[in-house]
Every structure is written in C-alpha cells, then in structure tokens.
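Please find below a short note on the model under review. The points are numbered and may be read against the structure.

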Amino acid sequence: MISRTSYADLPRPLVTELAEAGLDPVEVYTMVAGAFDEDLPKGGRDVTSSAMPPMGHAEGDIAAREPGVVAGLAVAELVFRYALGSEVEVTDRLPDGSRVSAGDVVMRVRGPVADVLTAERTALNFASHLSGVATATSHWVEALAGTRARVLDTRKTLPTYRALQKYAVRCGGGLNHRFSLSDQAMVKDNHVVAAGGVVPAYELVRAANPTLRVEVEVTGLDQLRELLEAGCTEILLDNMDTPTMAEAVRITDGRATLEASGGLTLDRAREVAETGVDLISVGALTHSVKVFDLGLDLR
C-alpha cells in the first residue's frame, strides 16, 4: 500500500528545488496525487504487484534509452516520495537540462519492491514526456545556433500541463511565450476581422491594456507597414515564405521584434533564422512531442 505522503512531509530541499525552477510545488504535488488517483482509484491497490511473494527492498536504475536532454526528474522524485514516503532513497539524480546518451543512469531509487513497481509508470510518464519536450527544444536550439533567432513555445499545451511543459522547454534551451491570456496581449487574424483592420485592432487592445506587451499577427507586408507606422513593436509573421520574411526584416529595420510562426519545421529552421527574424515559435514543441525513452530496471 503506497504512503500518499502529505505535502508537508515532503523533503524541503525538493520543494525548494521545484520552486526555484519556476514551478509551483503545490500544483506539482496535486498533479502527482491526481495521477495516483487514476492508477489507484478509491483507495485501490496494485493487484499485480501485491500478488507477488514478499520481495523486500531493491534498488532500481532509471536510465536513458536514447540520447537527449532530460527534464522532470525532480517531479519523478516527488512521485516516489509521495508513494513510498520515508522508505525511499533517491540518489544520483541528474539535474534537469542535462544532456544524456543512451545507457546513462539519470536517477537511482531504492525502496520496497512492490511500492517501487506501483510508482514506476507514474514517475516515468512525467519524466519521459517532459524529457521529450526538452529534447525536441534542444534540436531547435542546435539548428538556430549562430543566428540571432531563439525558439519559443506557444499556448498549444496539454490542459493543466502548461507550467510543466514550459519548464521543459526552458530545460531544452528555449524561451517561453505568454503563459496565459492575461499576461500578454496577442492580436490574431480573427481579432483583426472583428475590429475592422489590423491597426484598429492593435490600438483597441493597446488602449485597454496600457501596461502590457501587445503583439500583433500579420499575414502580409502591407499590414506590417501599417503597424510599424502605428508604433507597434512586437509583430508576428504568420505563415510567410522565406523571401517574404526576409523582406519583412528589411522593412522593419530594427523598429520591432519579429516572430516567425505557422507550420514551421526543423528542416526549415536554419533557413528561417537566416532571414534575420528574432524569434521562431513552434507549437509542436508541446502539442506533438515524441516521448523520450526512459526505463527503470531493478537490480
């Protein structure tokens, strides 16, 4: 039977580490507890592991089975702390953001065998998904190396997972775009239609939110020119081909930050960056990420 350790009884260094990483430890704890409620509803038990003969304690290695960048290992530790309480030892955990090769041990866990097996999948689900986000981001960072462009995430995140996914993007070397609809204004094509034009839409949002950053999406160079004339300093170039983006950079001449977006692929990353844009936003970092292959093997 797992311990379901209370938040107050978690090791303080682990709580501090999560907070210093920009995560809310209470929210992460709540997510972990919810994950166990999925696996063990209404106080249920792991009917497979509990059927095994007494197995005592054992140590297990969590290792990478492919090269990449790891993230979410502190969350994985919280999983084991929640499930096993004071009976678990977690050692040799690599810092999130570490680059690893296939076969590298990223964390070791020691505790009662049945409980380790019960918690295994939940810990791997968090760490494998977040390491997948970090690894995908790192590929974009590598592709943009030597240019001025930086890769950004978007709001295309799994519901309730946004803070964790955006944290993983940072672990991979990327930047975060806005976290919510409240911390930065983004004027998109439907707003432009509703307002009757790109400049009216910008001016309405700017007037309503004088202390916030306002970014405006454009689909053509005429809209770009209008916005620059109106004093907009953050502009998103939506679904433009490479020559048009290069011309947008020339027209802007440093008067605004330019973000490229819309169906961009890693194959085009370098080509787009070399137009001179400042930022490249990639929804696929979070909405279509390939899970990173981590596994736990008992010793």
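How many bridges join strand 10 to strand 11? Two bridges join them, and the two strands run parallel. The points below set this pair in its surroundings.

1. Basis. This is a predicted model, in which local features need pLDDT of at least 70 and side-chain atom pairs count only at pLDDT 80 or more, while totals for chains, interfaces and linings use all residues. Residues are numbered from 1 along each chain as its sequence is written, and side-chain values use heavy atoms, with hydrogens and water left out.

2. Six strands form an open sheet with parallel pairing, in the order 6-11-10-9-8-7. Helices (H or I, at least four residues) and strands (E, at least two) are DSSP runs numbered from the N terminus, and two strands pair if DSSP finds at least two bridges between them. Strand 6 (150-152) and strand 7 (185-187) are the edge strands, each pairing on one side only. On average, neighbouring strands of this sheet are turned by 25° against each other, direction ignored. Axes are lines fitted to C-alpha atoms, for helices over the stretch in contact, and angles run from 0 to 180 degrees between N-to-C directions.

3. Strand 10 and its partners. Four of the five residues of strand 10 (residues 257-261) are buried, so this strand is largely enclosed by the rest of the structure; buried means under 20% relative accessible area (1.4 Å probe, protein chains only). Strand 9 (residues 234-238) pairs with strand 10 in the parallel sense over five bridges, and E234 has T257 of strand 10 as its bridge partner. On strand 11 (residues 279-281), L279 is the bridge partner of E259.

4. Strand 6 and strand 11. These strands pair in the parallel sense over three bridges. The bridge partner of V151 in strand 11 is I280.

5. Helices on the sheet. Helix 7 (residues 198-208) packs on the sheet and touches strand 7 and strand 8 (214-218), its direction making about 165° with that of strand 8. Helix 9 lies across strand 9 and strand 10, running at about 170° to strand 10.

6. S131. This residue lies in helix 4 (residues 113-144) and counts as buried because its relative accessibility is 0%. The S131 side chain reaches the backbone oxygen of A127 at 2.7 Å. Neighbours within four places in sequence aside, S131 is in contact (heavy atoms within 4.5 Å) with V69, V70, A71, F292 and L294.

Technical notes:
Buried < 20%, exposed > 50% of the residue type's maximum accessible area, 1.4 Å probe, protein only. Polar contact = N/O pair within 3.5 Å; in protein donor to acceptor, adjacent residues only side chain to side chain.
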